[in-house]
Amino acid sequence: MRFVIIGNGVAGATAALALRARDPDASITMISGESDYFFSRTALMYAYLDRMTLRDLEPYERQVWTSQRIERVRGWVRDLHAPSKTLTLDSSVQIGYDKLLIATGSVARDLPWVGWERAKRGLVHFVTLADLERCEQQTRRGGKAVVVGGGLIGVELVECLIHHGMQVTFLVREPWYWPAALGGEEGLMISDHIRRHGVTLLLEETVNEVECSGDGHVQAVITDSGRRYDCELLGVTAGVKPAAGWLAATQTPPRTARGILTDAAFRTSLPDVWAAGDCAEIEIPGAAPLVEQIWYSAKRQGEQAALSMLGDPVDYRPPIFFNSSKFFDIEFTTVGRVNDAPAGSRQFYWRAPEREASIRIVEAAGAVIGFNMLGSRWEHTILERWISERRPMEYVMPRLREAQFDVEFGRLDLAPALEKFLSRGPEPEGAKR
Amino acid sequence: MIRDGALHKLSHDVRNRGYSAWMTSALLFAFYIILYYTEWLAAPARMLGFDSKWTLYGLLYSIAIVSGGVYVIRKYRHNRYQVVRTLVVIATQVVLAFSVPLILKFFRQPEFYFSYLWPLKIEYLTPQYIFQLPAPFILYSFLGSLLLVPVLGIFLGKRWYCSWICGCGGLANTFGEPWRHLTSKSAAAWKFERIAIHTVLALCIALTAMLFITYAVGSRNPEIARQTYRFQEFYGILVVSWLSGIIGVGLYPLGGTRVWCRNFCPMAAVLGLVQKFGRFRITVKENMCISCGLCSKYCEMGIDVRAYAQSNTSFTRASCVGCGLCAEVCPRGVLRLENVARQDPQQAVLVRIGNARPQGRWAI
């Protein structure tokens with residue numbers, strides 16, 4: 001049996017190890033155009049910050065790939081021919097497979113700005129190793145940088161640029177930072193925090209034009225409001241999309257929509273071809289097509305896809321949502337549904353005095369459905385349990401302490417939160433702004 | 001990417017085995033050689049009114065811990081565990097390891113360091129030495145080494161000593177902070193650690209036993225006494241002078257700050273064995289690790305913490321000194337130091353994983 005995996009990111013690498021764990025004899029090949037070894041993409045910023053070397057970003061010692069007999073091939077796959085079960089690399093090397101997993105991840109989203117196609121240098125994303133290299137080439141102490149796009153990658157890039165002494169203007173289209181994940185109060189707290197690190201954070205600014213010099217170097221961006229922001233480095237961090245576009249140029253592309261369409265067992269429309277991770281769009285009966293693009297989902301999907309390739313019955317259903325991130329120094333844990341809470345839900349929000357920490361708990365139909373926790377640490381599995389047990393907020397609040405995960409001596413004091421809850425209770429959903 | 005600017009470049013260089021790191025290491029080596037093998041430091045000591053170069057060394061050691069400690073407290077000021085721990089480290093050094101011996105001397109009492117115990121300070125269970133001291137010192141030494149160490153180790157893990165009290169650990173966690181990430185995380189280094197540290201422990205126990213035998217029957221068996229004292233001299237040069245001092249500190253800028261503690265310290269070996277059967281562990285939050293590797297990188301004991309975190313495995317490793325830096329640097333709050341009554345003490349032992357996982361156990 002020859003398993004071939006396109007992509008050596010977390011989905012692909014997890015799948016490779018899971019295949020090996022179950023099948024000691026199969027041939028397993030992992031193809032990557034980006035890097036020789038699996039690395040932690042979420043840690044790119046730490047290489048930029050000089051807290052890690054690129055080698056440090058590799059989650060396994062290199063000998064693991066040898067000892068697990070996982071062959072690594074470097075190259076970009078240019079063609080997929082399903083009838084002959086053959087891949088062709090850009091070097092014209094052909095690789096045959098019995099079972100193929102496509103785990104090509106995400107690519108940065110482009111933006112429809114005037115002048116976009118003229119920008120040759122200075123315009124950077126922050127997703128790949130090549131992006132990191134381009135960022136580093138444009139980083140200059142005292143230079144002006146503009147970062148557009150108020151998500152997680154944006155704030156990570158901003159932190160790196162600030163560390164390297166650039167003057168950073170952070171342009172966010174929305175009325176507060178990251179409304180897709182944060183409520184208004186949290187957005188305000190994070191905005192203050194970002195500004196305190198010396199960032200010029202401007203809200204409700206939409207860029208529609210990029211200005212370049214004659215040789216294509218970015219010089220400035222111009223927003224809807226007509227304002228012009230000079231920059232020599234322009235970071236565009238407007239999210240990512242599934243890396244499925246390359247398949248259009250192949251002889252036998254699988255069916256795609258936003259991503260590569262699969263069923264709940266990660267099977268694509270092609271025989272013996274699976275897809276998992278950020279690039280997959282999973283059609284689950286009775287639910288909207290699912291594209292998951294975070295580290296945790298890619299790891300989960302990679303493992304499940306491997307089981308499916310081994311012949312196990314797999315019927316993927318995403319678990320209760322959880323995610324984590326960090327905005328400069330403020331850690332963030334989210335579980336369940338917060339910003340997409342249904343109408344009629346109730347919310348409890350509390351901001352810690354004298355500490356950049358807050359908690360938000362959402363309840364619908366008498367059961368908690370979501371948590372947004374900032375600035376302190378939480379054992380998300382306990383929060384998940386309360387959601388799955390459909391506990392009311394009155395049950396959760398006095399027990400919140402059980403889910404705390406702060407360092408010793410550093411536990412966030414929840415007594416004032418409980419006091420606020422007991423005296424005022426949750427608020428109707430409309431009050432969250 | 002290295003930060004621009006001369007100072008930033010120097011800082012990178014000295015932290016990452018550049019020329020300045022090699023020079024710093026050479027200076028530290030030179031200092032210890034001078035300290036151990038010459039009397040050059042006696043003159044400056046006298047100028048400060050000290051009657052021995054060792055008091056001057058104690059002063060320099062205290063200055064290194066206090067200034068490094070202030071730097072560490074500032075750096076990790078948002079983390080109460082780090083602040084409290086570092087304050088205790090500073091206080092222990094200044095009070096127990098420096099001031100109290102001076103005060104004892106002033107009152108014509110024996111020089112005694114309450115922050116050190118056997119087997120780190122082998123004299124404290126050496127009958128020829130300890131039985132000369134007044135009874136309270138003897139009592140403290142025996143109770144401390146034989147009772148306090150294991151009992152606290154069971155309940156709090158190794159950390160109560162290695163990263164809260166001990167002077168070697170104190171220096172590593174303060175003055176040594178810029179170099180903590182240099183400790184090797186390789187599976188080979190782990191193997192060396194296990195062989196080396198238990199060898200030194202065996203030497204230490206053998207020497208202590210021989211000293212007791214000599215104390216009992218040495219006057220009738222001069223050959224036993226002679227061999228014992230030869231062995232004691234060898235141990236003193238190899239372990240006390242070279243491994244703990246010259247190599248232990250001299251290698252800070254090249255091999256990380258815990259070369260001595262990780263590979264050679266007999267106290268750490270004893271506490272490590274106790275820890276494995278005790279309550280201390282590092283709890284890993286399930287499925288929350290992003291494999292960034294900051295925990296492994298900044299582990300001064302060379303533990304590949306990421307290997308456990310990314311496979312959702314709470315763990316206890318004998319070498320872990322509980323400094324808490326893995327939990328501090330984790331950007332997703334995945335790790336937590338805990339003292340818990342364990343249902344399954346084997347859970348930790350199960351994952352002998354080098355830097356990877358055991359064959360056939362690719363728990364993901």
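At the start of α5(B), which backbone nitrogen does a side-chain oxygen of Asn79(B) reach, and to within what distance?

Modeller: This is a predicted model, in which local features need pLDDT of at least 70 and side-chain atom pairs count only at pLDDT 80 or more, while totals for chains, interfaces and linings use all residues; side-chain values rest on heavy atoms, with hydrogens and water left out. Residues are numbered from 1 along each chain as its sequence is written, and chains are lettered from A and ligands numbered from 1 in the order in which they are written.

The side-chain oxygen of Asn79(B) comes to within 3.0 Å of the backbone nitrogen of Tyr81(B), at the start of α5(B). Such a polar contact is a pair of N or O atoms within 3.5 Å; within protein, one must be able to donate a hydrogen and the other to accept it, and residues adjacent in sequence count only if both atoms are side-chain atoms. Helices (H or I, at least four residues) and strands (E, at least two) are DSSP runs, numbered from the N terminus.

Helix α5 of chain B comprises 27 residues, 80–106. From its first C-alpha to its last it reaches 37 Å, close to the 39 Å expected; the expected span is 1.5 Å times one less than the number of residues. The helix has a kink of about 40° at Ser99(B), shortly before the proline Pro101(B). The bend at a residue is the angle between axes fitted to the seven residues ending there and the seven starting there. Just after α5(B), Arg108(B) takes a positive phi of about 55°. The loop between α5 and α6 (127–130) of chain B contains Pro119(B), which is joined to Trp118(B) by a cis peptide bond with omega of about 5°. Most residues other than glycine have a negative phi, and most peptide bonds are trans.

Elsewhere in chain B, helix α3 (residues 42–47) holds Ala45(B). Ala45(B) counts as buried because its relative accessibility is 0%; buried means under 20% relative accessible area, exposed over 50%, and partly exposed in between (1.4 Å probe, protein chains only). Not counting residues up to four places away in sequence, Ala45(B) touches Phe50(B), Ser52(B), Lys53(B) and Leu56(B), where contact means heavy atoms within 4.5 Å.

The largest nonpolar core has 199 residues, of which Ile102(A), Phe170(A), Phe327(A), Phe371(A), Leu400(A) and Leu335(B) touch the most other members. A second, separate core of 23 residues includes Leu41(B), Leu56(B), Ile73(B) and Val83(B). A nonpolar core is a set of buried Ala, Val, Leu, Ile, Met, Phe, Trp, Tyr and Cys residues joined through side-chain atoms within 4.5 Å.

Thr333(A) belongs to strand β22 (residues 330–336) of chain A, and it is classed as buried because its relative accessible area is 6%. Beyond residues up to four places away in sequence, the residues that Thr333(A) touches include Phe371(A), Trp378(A) and His380(A), and also Met288(B).

The two chains meet through 53 residues from chain A and 48 residues from chain B. Between them, about 4400 Å² is buried, with carbon and sulfur atoms giving 53%; buried area is the accessible area (1.4 Å probe) that two parts lose on being put together, summed over both. Of the area that chain A buries against chain B, Phe405(A), Glu408(A) and Phe409(A) supply 16%, more than any other three residues.

Glu363(A), in strand β24 (residues 358–364) of chain A, is buried because its relative accessible area is 5%. Its side chain makes a polar contact of 2.5 Å with that of Arg346(A), and the side chain of Glu363(A) also reaches the backbone nitrogen of Met393(A) at 2.8 Å. By contrast, Ala365(A), found in the loop between β24 and β25 (367–374) of chain A, is exposed because its relative accessibility is 75%. Phi of Ala365(A) is positive, near 50°, in a residue other than glycine.
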